[in-house]
Amino acid sequence: NYVSDFSIPQKLGINAIHYPKLSSRSKMKNESGFVEESIMKAIIQNKLYTTEKYTDWEVFGISCVAPIYYSYTNWVYQMTKHKDNMYFLARDGYMIKKVYELFAEKLNKNMDLYYLYCSRASYQIPTLQDGDKALALDVLTRYNANLNQKVSVQNILKGIGLDIENYDKQLRNFELKADTILNTSNRYRVQKFLSYIYEDITKELEKKKVIVQKYLAQMNMPKYENVNIVDIGWAGSTQYSLGKLLPNKKITGYYFGTRKSMYDDVKYNSF
C-alpha cells in the first residue's frame, strides 16, 4: 500500500521501497465490478506475474481461454444443475465437461454426465431419409468453397456407405467420374445422379440410422424423458438430428453461440 507501507514509513525515517501490487501493474481492468470477475482476474494476474515466463500460447490460455471456459460452463451449470442428465458433444464439449464435473463435485450434485462422440455428419446423414428428398440431396452435395474444400463424387458415396465401382454406368449417363470434384457448374448433375440411385442411398442410410440409435441406447439417452446437450453452436443441426433419431424425447440444447438460421424445431428449445 503506497500510503501505509511506503509514504508513512519514509516520514518516520524508515528507508522504504514501494513495490506496486500486481493489480496496479496489470493492464487488466475490472470492467463489470462483479466479485467473480475480480477473483478471476486476481488468479490470472498471480499466475502471469509471479512465476516463470510463459510462451505466448500459455499466456493466451491463461488470460483468454480459461475465463471463457469458466464463464460459459458456469452459465451452463446454473441453467442445468437441477437436471438429471447432461450430454457434452465431442469434441468441443470435452473441456466443458471437465470443468462442469468440478462444479458438480464441489456442490455435491449427483448427475449423469456423458461425453457423446459425434459429428454433424454422423447424426445428420442417417436422418436425411426422414425428411424432404430435395433437402437430403442438398445436404449430401454441400461443400465450402471459401475453405477450398474438395469433395468428389467418390467422397459422397463413401460417406453414405456405397461402393463407387458399382455405379460406372450411371456415372457415365450423367457425365461424371469418381474423381469429379463438386463445383457450381456440376452440382446439379451430381444431385440428379444421386436422385437416380436414391433407393440404394436410403437403404444405406437406414443401416446407419440403426447403428447410431444403438450407440445412443448404449449411452443411456433413451431412458431420459428430457435429454440435455451442450455444444459450442451454431445452427443446431446435431440437436435437430437427435430429435429425428429419438422422436419421443424432448431435447434441449445449451450453446456458446447460435445463428438466426437455426432449425425452427430447435431454436425454441435451446439457450
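Helices, of at least four residues, and strands, of at least two, are taken here as DSSP runs numbered from the N terminus. The model described is a predicted one. By that numbering, Asn 220 falls in the loop between α11 and β3.

**The sheet**

Four strands make up an open sheet, ordered β2-β1-β3-β4, and their pairing is parallel. The edge positions belong to β2 (112-116) and β4 (250-255); each has a single partner strand, so one side of each is left without a neighbour in the sheet. On average, neighbouring strands of this sheet are turned by 25° against each other, direction ignored.

Strand β3, residues 226-231, pairs with β4 in the parallel sense over six bridges. Within this pairing, Thr 252 of β4 is the bridge partner of Asn 228, and Lys 250 of β4 is the residue opposite Asn 226. The pairing of β1 with β3 is also in the parallel sense and runs over two bridges. Here Tyr 87 has Ile 229 of β3 as its bridge partner. In general, strands of a sheet pair through backbone hydrogen bonds, either parallel or antiparallel.

Five of the six residues of β3 are buried, so this strand is largely enclosed by the rest of the structure.

**Helices on the sheet**

Helix α5 (residues 93-106) lies across β1 (85-89), β2 and β3, and runs at about 165° to β2. Helix α12 (residues 237-245) also packs on the sheet, where it touches β1, β3 and β4; the direction of α12 makes about 170° with that of β4.

**Nonpolar cores**

The largest nonpolar core holds 25 residues; those touching the most other members are Ile 156, Leu 157, Ile 160, Phe 193, Leu 194, Ile 197 and Ile 201. At least two residues of this core come from each of α7 (133-140), α8 (153-160), α10 and α11 (198-218). Another core, of 21 residues, lies apart from that one, and its members include Tyr 87, Leu 116, Met 219 and Ile 251.

With neighbours within four places in sequence left aside, the contacts of Phe 193 are Val 153, Leu 157, Tyr 167, Gln 170, Leu 171, Phe 174 and Leu 176.

Lys 209 is a residue of helix α11. Its relative accessibility is 12%, so Lys 209 counts as buried, the cut-off being under 20%. Residues up to four places away in sequence not counted, Lys 209 touches Pro 126, Gln 129, Asp 130 and Leu 245.

**The largest pocket**

The largest pocket contains about 1,200 Å³ of space. Its lining consists of 35 residues, and Ser 119, Arg 120, Ala 121, Gln 124 and Ser 237 lie nearest the centre. Two or more lining residues are given by each of α6 (120-124), α7, α8, β3 and α12.

**Loops and backbone geometry**

| Site | Feature | Value |
|---|---|---|
| Ala 90 and Arg 91 | cis peptide bond | omega about 0° |
| Gly 233 and Trp 234 | cis peptide bond | omega about 10° |
| Asn 148 | positive phi, not a glycine | about 55° |
| Asn 220 | positive phi, not a glycine | about 65° |

Arg 91 is placed in the loop between β1 and α5, and Trp 234 in the loop between β3 and α12. Asn 148 belongs to the loop between α7 and α8. With a relative accessibility of 54%, Asn 148 counts as exposed. Asn 220, in the loop between α11 and β3, counts as partly exposed at 31% relative accessibility.

A further loop residue is Asp 179, located between α9 (168-173) and α10 (187-196). The relative accessible area of Asp 179 is 56%, so this residue is exposed, the cut-off being over 50%. Asp 179 and Ser 152 are 27 residues apart along the chain, and their C-alpha atoms are separated by 5.4 Å.

Conventions:
Residues are numbered from 1 along each chain as its sequence is written. This is a predicted model: local features need pLDDT of at least 70, side-chain atom pairs count only at pLDDT 80 or more; totals for chains, interfaces and linings use all residues. Side-chain values use heavy atoms; hydrogens and water are left out. Buried means under 20% relative accessible area, exposed over 50%, partly exposed in between (1.4 Å probe, protein chains only). Two strands pair if DSSP finds at least two bridges between them. Axes are lines fitted to C-alpha atoms, for helices over the stretch in contact, and angles run from 0 to 180 degrees between N-to-C directions. Contact means heavy atoms within 4.5 Å. A nonpolar core is a set of buried Ala, Val, Leu, Ile, Met, Phe, Trp, Tyr and Cys residues joined through side-chain atoms within 4.5 Å. On a 1 Å grid over the protein atoms alone, a cavity is a set of points where a 1.4 Å probe fits but cannot get out, and a pocket is an open set with protein on both sides within 12 Å along at least five of seven lines; lining residues have an atom within 4 Å of a point. Grid points are joined across faces, edges and corners, and a volume is the space filled by probe spheres set on the points.
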